[in-house]
Amino acid sequence: MRVAIIGTGYVGLVSGACFADFGHTVTCVDKDEGKIEKLKNGIMPIYEPGLDNLVASNVKEERLFFTTDAKEAIKNADAVFIAVGTPSRRGDGHADLSYVYGAAEEIAQLMDGFTVVVTKSTVPVGTGDEVEEIIRRTRPDADFAVVSNPEFLREGAAIKDFKIPDRVVVGTDDERAKQVMKELYRPLFLNETPILFTTRRTSELIKYAANAFLAVKITFINEMADLCEKVGANVQEVSRGIGLDGRIGAKFLNAGPGYGGSCFPKDTLALTKTANDYGSPVRIVDTVIEVNADRKKAMADKVIAAMGGDVSGKTIGVLGLAFKQNTDDMRDAPSLDIVPALQKAGARIVAFDPEAMKEASHLLKDVEFAGSAYAAVDGADAIVIITEWDQFRALDLNRIKTAMKGNVLVDLRNIYHPDDAAKHGFAYTSIGRPVS
Ligand code: UDX
């Protein structure tokens with residue numbers, strides 16, 4: 001199949017590379033010349049494990065192309081994917097659909113023969129209807145179908161999530177479009193991935209419902225963690241104890257400093273806006289948004305309390321700034337709340353993140369960036385682990401303890417054992433577990 005992908009952001013690039021790897025001929029289109037030029041030279045605009053190699057091999061096999069010229073790509077395509085951004089609109093939190101509608105108009109002008117137009121961007125219910133309307137208005141003679149095909153990729157695991165997904169959701173009533181989508185995802189049938197065909201509106205809502213549900217799940221366990229701290233219970237064992245119930249499931253029950261990233265904050269907000277517009281509020285999601293925002297703010301107080309209530313003039317070594325491991329993405333990262341609050345309380349911050357320091361340097365002021373985890377904790381009064389990078393999981397605690405001035409270790413991801421930390425002489429605080 002011939003595929004065009006409009007937008008070489010996270011979703012567009014990963015989807016394009018993976019479809020090419022399935023054997024399809026894929027052209028990724030972006031208006032940003034600099035980005036396309038870099039991609040042609042094998043330079044990735046984002047950090048995603050394995051993406052550079054996947055792109056390189058498919059470019060070499062001549063299945064993956066990059067261009068700023070949408071014309072040829074769209075004209076020849078059996079399917080055109082819209083994978084442009086849908087940021088929160090400034091002021092009201094609704095998803096900003098101007099890029100999606102702009103892409104729809106461009107596709108309409110350039111399409112030739114029966115074309116399946118697939119919305120991969122996360123878009124509110126009813127956007128597919130609007131895209132169809134725009135295309136029909138722009139090109140009344142066009143032969144096309146508009147399909148919703150949401151992505152469920154996690155940053156840092158996106159290639160695996162694309163190639164071995166739990167499910168693929170396709171929203172369309174058009175039989176020809178169904179055949180094209182089946183053919184595109186055919187390699188997954190070999191793994192017996194469930195492909196759920198549904199209506200376009202249902203498919204659009206599935207994406208928001210999935211992200212909101214996961215945000216609820218995380219927020220629930222975070223509140224359980226707070227309760228555990230009060231009653232002297234262990235949240236990791238609570239997670240295991242409830243997660244073994246098949247109806248609940250073990251995943252996404254890791255308590256932490258609050259969820260962040262490019263999707264959950266934006267999509268939960270957009271879902272509540274849509275729900276309110278339709279007069280059918282989702283109050284549980286309203287609450288989750290509020291609780292999560294409060295939680296990120298409360299994490300700095302937790303650190304200050306662990307340091308005896310006063311951090312002024314103290315040096316804090318921060319390990320991890322990205323919103324989670326294996327990404328350089330800083331969007332809505334808990335570190336963006338925690339670090340400034342600690343600075344405001346008078347602390348000096350020395351930080352290390354394996355991938356996100358460049359991005360963080362634009363967003364955080366007066367932070368000293370270190371070249372390694374060990375350099376970040378050298379001479380520190382306290383250490384705060386904000387992101388659970390693998391390389392932080394097995395640090396040489398003797399070496400760290402010796403290099404530090406103080407002995408406070410605040411582990412906001414529960415990656416160390418309280419007993420182990422205590423054995424090494426740390427005053428250890430984690431999330432929802434007994435203090436040692
Ligand atoms: C998410 C969805 O998982 C994905 O399906 C969707 O397409 C995009 O949004 P992503 O934002 O990349 O993916 O990261 P994810 O792994 O879901 O984590 C989101 C946030 O929740 C992170 O801040 C993470 O640290 C936090 N989290 C996740 C927890 O605090 N605890 C958990 O158990 C899981």
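An oxygen atom of the ligand lies 3.4 Å from a polar backbone atom of L253. That is a polar contact, meaning a pair of N or O atoms within 3.5 Å. The model is predicted: local features need pLDDT of at least 70 and side-chain atom pairs pLDDT 80 or more, while totals for chains, interfaces and linings use all residues. Residues are numbered from 1 along each chain as its sequence is written, and side-chain values use heavy atoms, without hydrogens and water.

| Residue | Distance to a ligand oxygen atom |
|---|---|
| L153 | 3.1 Å |
| L253 | 3.4 Å |
| F323 | 3.3 Å |

The protein buries 93% of the 660 Å² that the ligand exposes when taken alone (Shrake-Rupley method, 1.4 Å probe).

Around the ligand there are 18 residues, of which E155, N254, G260, K324 and R413 come nearest; a residue is near if one of its heavy atoms lies within 4 Å. By class, this shell holds nine nonpolar, three polar and six charged residues, with Gly counted as polar. Helix 10 (residues 200-231) gives the most to the shell, with three residues. Helices are DSSP runs of H or I with at least four residues, and strands are runs of E with at least two.

Strand 7 (residues 168-171) is covered on both faces: V168 and V170 are buried on one side, V169 and G171 on the other. Buried means under 20% relative accessible area, with a 1.4 Å probe and protein chains only. Strand 7 pairs with strand 8 (residues 195-198) in the parallel sense over four bridges, where pairing requires at least two DSSP bridges. V170 has F197 in strand 8 as its bridge partner.

How values were computed: Polar contact = N/O pair within 3.5 Å; in protein donor to acceptor, adjacent residues only side chain to side chain. Buried < 20%, exposed > 50% of the residue type's maximum accessible area, 1.4 Å probe, protein only.
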